[in-house]
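Here is a brief report on selected local features of one protein model.

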Amino acid sequence: MKKTVVGMIAMTAMAAAMGSAFAQEAAKAAPSMTAEEKEQAKKIYFERCAGCHGVLRKGATGKNLEPHWSKKDKDGNVTEGGTLKLGQQRLEKIIGYGTDGGMVNFDDILTKEEISLMSKYIQNQPDVPPEFSLKDQLDSWKVIVPVKDRPTKQMNKLNLKNIFSVTLRDTGEVALIDGDTKEIVNVVKTGYAVHISRLSASGRYVYVIGRDGRVSLIDLWMEKPAVVAEVKIAFDARSIDTSKFKGFEDKYAIAGGYWPPQYTIMDGDTLKPLKVVSTRGVTVDGDYHPEPRVASIVSSFIKPEWVVNIKETGQILLVDYSNIENLKTTTIGSAKFLHDGGWDASKRYFLVAANASNKIAAVDTKTGKLAALVDVAKIPHPGRGANFTHPKFGPVWATGHLGADVVTLISTPSDEKKNAKFKEHNWKVVQEVKHVPGNLFVKTHPKSANLWADSPQNPDKDLAESVSVWDKSDLSKPKAVLNVAKDSGLPATKATKRAVHPEYSADGKEVWISLWGGKVDQSAIVVYDDATLKVKKVITDPKMITPTGKFNVYNTQHDIY
Ligand code: DHE
């Protein structure tokens, strides 16, 4: 087939159809692999690559990784590319050393042989994984402790408000740590690389979701808190929440799938899957997308609705759960690719990063409309963001950036009457505080004077192992930079120990940082005194393997950040 521009477009469309002449041609040009090698590569791709590049490899946070692709811009200009064009050597370099575009280096995670294997794998046509139906989900569903056999009151003496649910990424576990004593209460088996923990409206249950789509329900009232129910809702997933509107508290849970692209509504107490809804559809640009993954989900406090952010389409769904048999959904167009986000201080507006568009979309959950689409610096990544009152501009919500050296402060109308004098600033970037690129999470607490930000994706080892702290009352004061790896007292390692995800204790007096080391290196959680910025405690335990996200029960239950 002749490689003209028009030919390429036609060829790409044809390649999408499995078994087309072009797909066969591409398969011929791709490096050959044994079935065993393919299986190994498929597993690594799922665990390390699919999150950013997509199962179908069409790209989102990461680049398109199809063997051949071509795309047309608004003026009709066609660009083309693909992994076959990049070739084995270039791909090995990119995977090994990363790129300025935000791809991290994998040379301290994968062996040379694995990097070579992955370079071969992505030059071959992507496998299309199977679907996962309601029946499949029901077959996976297990109630370990039926509701009638669960305690009717708290059976332990723990201060539940200050328990931290900590993801032990590579072991597929969650550690429940007593924030008062810093002792591990229990380590529970969960899905692989749990992404987030969210609290029930009651504060009794922790809902966690593994990257492999396994949802686990942890009952904190048991003598030894443990998993009481679980279900698999997808092969690949990241988000979960419950119903929090008055009268519906914890009646339902919802979890979003990356693959298949769909969300599942479950019974809140037992996790019995009740309804599965596909998110396949059309992007804000009007193109069909076969893999629009579910990114962040939150439960509105104003209406019986969930805010469900669909990554690839840039559509924000308000899913009304008051009648799940006759599900009503409002679709709000925003920008691509939707990722993580959090509430403003009033919990009326949900702000979500559209990372590839360098925008923050704000949804008004009262009117059910888009409140604003704010232009910000490159690749915003807020986690849930941070809310505080700026000395000059009033209420602001902060986001960090993966691709820029600033923390952005956006004015929010929170409590409109009280803050009427700041109205002219609303939905504008009022300040960019100097930071470093590679930031993933920012955090503050109403009782704290500080704003914390990490930088685990920075290519500089020292910066990736450090966090920065600003005084909220005077952001022009030099920030404090704390080298968490050094402060931990752990032996220095060649591999970077990424300092990630600041999380406050329930009283807002301590900040916990994960020191995310390699699988064989000792990791830790370093606890700082928020007032003095001195280390209070280093939690090292042989069980503390690759800790990442930490979720304080009280702060998560009440969306305090
Ligand atoms: Fe996350 C939040 C997706 C990589 C730790 N991450 C989120 C959310 C999404 C998401 C959609 C919002 C969930 C919500 O609020 O409902 N994350 C992805 C990815 O697709 C990506 C880029 C690649 C992947 O393969 O998963 C990715 N994330 C990571 C990591 O590498 C991190 C640092 C470590 C890890 O455990 O894998 C990581 N993501 C987190 C954490 C949160 C999160 C700790 C919750 C932040 C919070 O405070 O709520």
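## Loop site S357

S357 sits in the loop between β22 (349–354) and β23 (359–364); strands are DSSP runs of E, at least two residues, and helices runs of H or I, at least four, numbered from the N terminus. The model is predicted: local features need pLDDT of at least 70, side-chain atom pairs count only at pLDDT 80 or more, and totals for chains, interfaces and linings use all residues. Residues are numbered from 1 along each chain as its sequence is written, and side-chain values use heavy atoms, with hydrogens and water left out.

S357 is partly exposed, at 25% relative accessibility (buried is under 20%, exposed over 50%, partly exposed in between; 1.4 Å probe, protein chains only). Not counting residues up to four places away in sequence, S357 touches A335, K336 and F337 (contact means heavy atoms within 4.5 Å).

## Loop site T444

T444 lies in the loop between β29 (442–443) and β30 (450–454). T444 is buried, with a relative accessible area of 0%. Beyond its neighbours within four places in sequence, T444 contacts several residues, including F388, L451, Y504 and Y561.

A polar atom of the T444 side chain lies 2.6 Å from the backbone oxygen of N450.

## Helices α3 and α5

The contact brings together residues 35–53 of α3 and 112–121 of α5, packed at about 95 degrees with axes 9 Å apart (axes are lines fitted to C-alpha atoms, for helices over the stretch in contact; angles run from 0 to 180 degrees between N-to-C directions). α3 and α5 are therefore roughly perpendicular (65 to 115 degrees; under 35 is roughly parallel, over 145 roughly antiparallel, the rest oblique).

Terms used: A polar contact is a pair of N or O atoms within 3.5 Å; within protein, one must be able to donate a hydrogen and the other to accept it, and residues adjacent in sequence count only if both atoms are side-chain atoms.
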